[in-house]
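These are my notebook entries on a single chain. I set down what I looked up, in the order in which I looked.

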Amino acid sequence: MTDAVLTTDALVTGSADAAWWRQAVVYQVYPRSFADADGDGLGDIRGVVEKADYLAGLGVDAVWLSPFYPSELADGGYDVADYRDVDPRLGTLADFDDMIAALHGREIKVIVDIVPNHSSDRHVLFQAALAAPKGSPERDRYIFRDGLGENGELPPADWQSCFGGSAWEPVGDGQWYFHFFATEQPDFNWDNPDVHAEFLHTLRFWSDRGVDGFRIDVAHGVSKDLPDVLPSQAELDALSTTDGRHPLWDRDAVHDIYREWRQVFDEYDPPRIAVAEAWVATAERRAKYASPEGLGQAFNFDLLEADFDAAQFRHIVTDNLAQSAATGSSSTWVLSNHDVVRHATRYALAPRNGSLAKQGSAWIIAGAPADQVDLARGGRRALAASLFLLGLPGSTYLYQGEELGLHEVGDIAPEHRQDPAFFRGADPDRDGLGRDGCRVPLPWTGDGSSFGFGAGSAHIPQPGWFAGYAVAIEDADPASSLNTYRRALALRHELQTGESLEWIETGRDDVLRFARPNGWQVVTNFGTEPFPLSGEEPVLGALVDGAVAGETTVWLRG
Ligand code: GLC
């Protein structure tokens with residue numbers, strides 16, 4: 001029995017260039033940890049320029065840069081003090097222009113991160129809000145409320161921030177401001193037209209500089225509707241997040257904002273693209289962000305949240321391809337990013353990655369019982385899962401270092417940690433250890449200062465075992481993860497001829513096999529028993545005694 005999946009081919013309109021994003025491989029650069037050209041320990045824009053050949057050699061279609069804007073680094077740069085400049089520690093706008101030229105010269109598109117939910121508390125608009133009195137137009141650009149108690153000494157509500165602790169901060173005159181995230185990240189009030197104008201200006205500023213698209217941070221949190229009498233956290237938690245009417249999250253009204261942005265994107269040729277970071281409750285809710293009148297594409301985190309499990313993978317793929325066919329978008333696939341435990345490490349936990357990872361992924365590196373952790377197995381499964389993803393229709397987002405099979409760093413000393421989620425005590429998924437473990441600077445060489453990251457010591461220390469994952473070491477090994485990614489990305493251009501797939505039944509619950517319209521096939525063995533393939537020679541991956549070995553993926557040319 002085959003199970004055909006709807007295709008969106010018919011919905012693809014416009015020039016080929018306008019549709020570049022539909023099947024693109026996008027590589028996420030976390031700029032402060034990618035490459036440090038000036039040797040101050042912090043990655044920078046010139047570092048990206050210097051590694052342009054590396055990115056071209058890897059074969060990515062686009063680079064997405066996490067924030068590089070001026071920031072006090074209260075949240076790794078997601079606290080933006082100026083949306084239209086480069087942090088002086090990372091370079092200048094001229095460096096940015098050079099980077100665009102270097103990447104475009106190698107046919108790599110550039111996506112930047114837009115953070116519309118909140119600014120830094122150092123942003124000029126927030127400083128103006130603090131300097132202005134209660135009830136002023138300046139304060140109306142953010143979310144201020146009177147405190148409770150006789151003199152406003154109590155928060156307006158008991159709401160908790162996503163990073164732990166109160167979501168309200170007093171400003172000393174009886175008023176408090178709201179912040180979903182760290183105290184240094186006040187939320188904008190998107191009912192205020194000045195906020196709309198500020199972001200339209202920013203989108204045009206970067207588009208005019210040649211940026212090809214935008215990743216929209218916390219896209220589902222931007223629109224809010226706070227009543228005069230605020231509900232309690234318990235009351236908030238009891239409200240539905242799927243009817244579009246929650247006061248804080250995934251409100252239908254948010255799409256009015258993105259329709260306005262779409263008009264700006266479409267002022268350019270080719271139109272600028274956008275991808276929403278929207279951690280919403282259902283695939284249907286996510287599809288709203290991916291509509292052609294809105295942002296056009298949305299991250300699908302379902303595989304990232306799934307176990308290394310054939311049934312889960314198949315269900316998620318079928319579901320999401322149907323969703324994107326219905327909306328006219330294309331699917332996105334993600335296994336790792338700067339907010340989650342690297343997938344090689346998640347998959348190192350036996351028996352399945354999910355349950356134990358949720359109890360605390362970091363301790364697995366820091367000395368978990370050996371019978372519960374198998375890093376080599378995690379690496380094997382990670383590569384198998386990545387090659388499965390890269391064979392799918394739609395676009396795939398890779399996180400820097402995953403091409404090396406890099407693991408999470410678990411044992412970072414508290415004094416070297418930077419993530420506010422660590423200091424504010426949130427993030428139970430990681431035993432409160434925060435997100436620094438996936439943000440450790442990349443190893444480029446097997447020795448030398450900061451393993452080739454830069455001349456200085458890396459801003460988050462790299463463990464000694466990083467040497468084994470260095471680009472230079474893997475470069476020399478034809479069977480390395482890096483060289484396998486390179487081969488896959490090169491072959492992928494032949495494979496991506498349509499946006500559909502057809503499942504081929506394998507007779508095994510733990511083996512998935514699908515064919516693309518041109519006959520190419522992907523076979524992933526999620527189990528440990530070899531899966532025999534008769535007379536077929538893979539173009540990617542090798543058979544062992546005529547079989548797909550356990551926890552591996554092969555590609556077959558049709
Ligand atoms: C997004 C970012 C995350 C950041 C948060 C607040 O989820 O990916 O890194 O901490 O938004 O901006």
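Entry 1, surface. Accessible area is taken here by the Shrake-Rupley method with a 1.4 Å probe. On that basis I found that the chain exposes about 20200 Å². Carbon and sulfur atoms supply 52% of that area. I note at the outset that the model is a predicted one.

I looked up the extent of the C-alpha trace, which spans about 80 × 50 × 45 Å along its principal axes. I then turned to the radius of gyration, which is 23 Å for the chain. A compact globule of 558 residues would have a value near 24 Å, so the two agree. The secondary structure comes to 16 helices and 18 strands. Of the 558 residues, 62% are buried. I also looked up the contacts with a separation of 6 or more: residues 24 or more positions apart account for 68% of them.

I recorded 45 positive and 86 negative side chains. The centres of the two sets lie 2 Å apart. Side chains of opposite charge can pair when their charged atoms come close. I therefore looked for salt bridges, taking a cut-off of 4 Å between a side-chain nitrogen of Lys or Arg and a carboxyl oxygen of Asp or Glu. The count by this rule is 37.

Which residue meets the side chain of aspartate 17 in a salt bridge? I found lysine 109, at 3.2 Å from N to O. The two are 92 residues apart: aspartate 17 belongs to the loop between β1 (2–4) and β2 (25–29), and lysine 109 to strand β4 (residues 109–114). I then checked the accessibility of each partner. Aspartate 17 is partly exposed, because its relative accessibility is 38% and that class runs between 20% and 50%. Lysine 109, at 17%, counts as buried.

Arginine 89 forms a salt bridge with aspartate 87, and their closest N and O atoms are 2.8 Å apart. Is aspartate 87 buried or exposed? I found aspartate 87 buried, with a relative accessible area of 2%, whereas arginine 89 is partly exposed at 37%. The side chains of aspartate 510 and arginine 508 also meet in a salt bridge, at 2.8 Å from N to O. Here aspartate 510 is partly exposed at 24% relative accessibility, and arginine 508 is partly exposed at 23%. I noted as well that salt bridges with shared partners join Asp75, Asp339, Asp419, Arg435 and Arg439 into one network.

I looked up the peptide bond between aspartate 269 and proline 270 and found it to be cis, with omega about -5°. Proline 270 lies in the loop between α7 (254–265) and β9 (273–276). I next turned to positive phi values in residues other than glycine. Phenylalanine 451 has a phi of about 45°. Its place is the loop between α14 (420–423) and α15 (471–475). With 15% relative accessibility, phenylalanine 451 is buried. Glutamate 551 has a positive phi as well, near 55°. This glutamate 551 sits in the loop between β17 (547–548) and β18 (552–556). The relative accessibility of glutamate 551 is 2%, and the residue counts as buried.

I located serine 136 in the loop between α4 (124–131) and β5 (144–146). Serine 136 is buried, with a relative accessible area of 8%. I also looked up its separation from glutamate 184, which is 48 residues away along the chain: their C-alpha atoms are 21 Å apart.

Where is arginine 557 found? I placed arginine 557 in the segment after β18. Its relative accessible area is 44%, so arginine 557 counts as partly exposed. Which residues does arginine 557 touch, leaving out those up to four places away in sequence? I listed Leu491, Glu494, Gly519, Trp520 and Val539.

Definitions and conventions:
Residues numbered from 1 in each chain as written. Predicted model: local features only at pLDDT ≥ 70, side-chain atom pairs only at ≥ 80, totals over all residues. Heavy atoms only, no water. Helix = DSSP H or I, 4+ residues; strand = E, 2+ residues; numbered from the N terminus. Buried < 20%, exposed > 50% of the residue type's maximum accessible area, 1.4 Å probe, protein only. Rg over C-alpha atoms; globule rule 2.2 N^0.38 Å. Contact = heavy atoms within 4.5 Å. Lys, Arg positive; Asp, Glu negative; His and termini not counted. Charge placed at Lys NZ, Arg CZ, Asp CG, Glu CD.
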